[in-house]
Amino acid sequence: MSTEAALRLLPIQPHEFDSLLAGFEYEHDISEVSNTTAFDTRVDARDLRSCVVCGKKAVGGLHPGVKRAHIIGRTEDVLWDFLKRRGHVPHFAKSVVHEPRNGINLCVAHHDDFDGYRFFIRWIPPAQLFVFINFSQTQDLERFHGKVVILDPKHKHSPFPASFLIQEMRTRGFHPWCTDRPFPRPLSTSYTVDDPGRGGVADLGGDSETEVGFGGSGGMGRLGGSDGAASSSGEPPSTGINQEYLVLGNPFQDPELLESMRREWQQLPNWKSANIEGLTWEGTAEENARRYIDLVGVSSH
Ligand SMILES: [Zn+2]
């Protein structure tokens, strides 16, 4: 009897929405839905619903085992705007929530490790690669330390390296007792890639591995020399003839390095692509043409 009475009260009729308290109104913002869908589909299409760290693939049904992780938190719009003003993120990039270049696929375990600030992913300037750094020295993550993460920097939806840089600084803050540790080069990928064409970094496994962008003296100077290794805990172990090591330092202690990285990021395909996607064509034809040229750097003349 009482159950029936309660059930009769449950459905809310359309005319009753008008009487709901502020904040309880029914909202259906179609652009919000489509933006969220675009984030999901673009991150999944780029990462193939596989964890970028270990390669674990999503399974069907509920709890697929692989999630979409925001690199900078979905509520951090103030920080996001700050990064835009500093030229670390494109001015016309989507919001921190909807920008697919602020997201990656991670398995459940590595999502926890990422959100727990146990590791970070670092952009390596001369090689233009993303490398996994087990900064917290967590035992389960050690096999990935110094390995290349399968994220193609040439992909138009490749993550913004600046997002990872914020994650890095927070990870460093959570582990002030840990120091930068050397890792051997040549670099290998964090997992074996099934599809040889995937990620744009699959050629690391071949003979060209040693040639991938580390030959420049400037780059090596930064990574292996006194600048980049300023916070290193000492000489790398000597385990082989001609074995070379890389040591990453805190980029915020090297303003020149940070600035050079920022300039490099602005030349990546994802930068221009984000600006073009976010551009609204509301001006006159002439104004739009000028904005396009400013962004893309080409002229019809
Ligand atoms: Zn994983």
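A salt bridge here is a side-chain nitrogen of Lys or Arg within 4 Å of a carboxyl oxygen of Asp or Glu. By that criterion, a search of the whole structure, which is a predicted model, turns up 17 salt bridges.

**The whole chain**

Start with the cartoon. The chain has nine helices and six strands. Colour by relative accessibility next: of the 301 residues, 43% count as buried. If contacts are drawn between residues at least 6 apart in sequence, 71% of these join residues at least 24 apart.

**The zinc ion**

Select the zinc ion and show the side chains that coordinate it: Cys51, Cys54 and Cys107 through SG, and His110 through ND1. The distances run from 2.0 to 2.3 Å. Angles among the four donor atoms are 94 to 116 degrees, and the site is tetrahedral. Along the sequence, the donor residues follow the spacing C-x2-C-x52-C-x2-H.

Cys107, with a relative accessible area of 4%, is buried; the limit for buried is under 20%.

From Cys107, select the rest of strand β2. Five of its five residues are buried, so the strand is mostly covered. Show the side chains and look at which way they point. Gly103, Asn105 and Cys107 face one way from β2, while Ile104 and Leu106 face the other way. Residues on both sides are buried.

**Salt bridges**

Stay with β1 and select Arg68. Its partner is Asp44, and the closest N and O atoms of this salt bridge are 2.7 Å apart. The pair ties helix α2 (Asp44) to strand β1 (Arg68) across 24 residues of sequence.

Next, select Arg46 and Asp47. Their side chains form a salt bridge with an N to O distance of 2.8 Å, and both residues are buried.

Move to Arg172 and Asp180, whose side chains meet in a salt bridge at 2.9 Å, N to O. Here, too, both ends are covered: Arg172 is buried at 10% relative accessible area, and Asp180 counts as buried at 4%.

To finish with charged side chains, select Arg42, Lys94, Glu99, Arg101 and Glu277 together. Salt bridges link these residues in a network.

**Aromatic pairs**

Begin with Trp80 and Phe160: the ring centres are 6.2 Å apart and the planes stand at 40 degrees, so the pair is tilted. Trp80 lies in helix α3 (residues 77–85) and Phe160 in the loop between β4 (129–133) and α5 (161–174), and this pair links parts of the chain 80 residues apart. Trp80 and Phe160 are both buried.

Then select Phe119 and Phe132. Their rings are stacked, with 4.5 Å from centre to centre and 20 degrees between the planes. Phe119 is found in the loop between α4 (108–115) and β3 (120–124), and Phe132 in strand β4, 13 residues apart. What relative accessibility do these two have? Phe119 has 0% and is buried; Phe132 likewise counts as buried, at 0%.

Ring pairs link Phe114, Phe119, Phe132 and Phe144 into a cluster.

Methods: Residues are numbered from 1 along each chain as its sequence is written. This is a predicted model: local features need pLDDT of at least 70, side-chain atom pairs count only at pLDDT 80 or more; totals for chains, interfaces and linings use all residues. Side-chain values use heavy atoms; hydrogens and water are left out. Donors are N, O and S atoms within 2.8 Å of the metal (3.2 Å for Na, K and Ca); water is not among the atoms, so sites may look incomplete. Four donors count as tetrahedral if all angles lie between 85 and 135 degrees; four count as square planar and six as octahedral if opposite donors are over 155 degrees apart and all others between 65 and 115; anything else is irregular. Buried means under 20% relative accessible area, exposed over 50%, partly exposed in between (1.4 Å probe, protein chains only). Helices (H or I, at least four residues) and strands (E, at least two) are DSSP runs, numbered from the N terminus. Rings of Phe, Tyr and Trp (its six-membered ring) pair if their centres lie within 6.5 Å; planes under 30 degrees apart count as stacked, over 60 as edge-to-face and the rest as tilted. Contact means heavy atoms within 4.5 Å.
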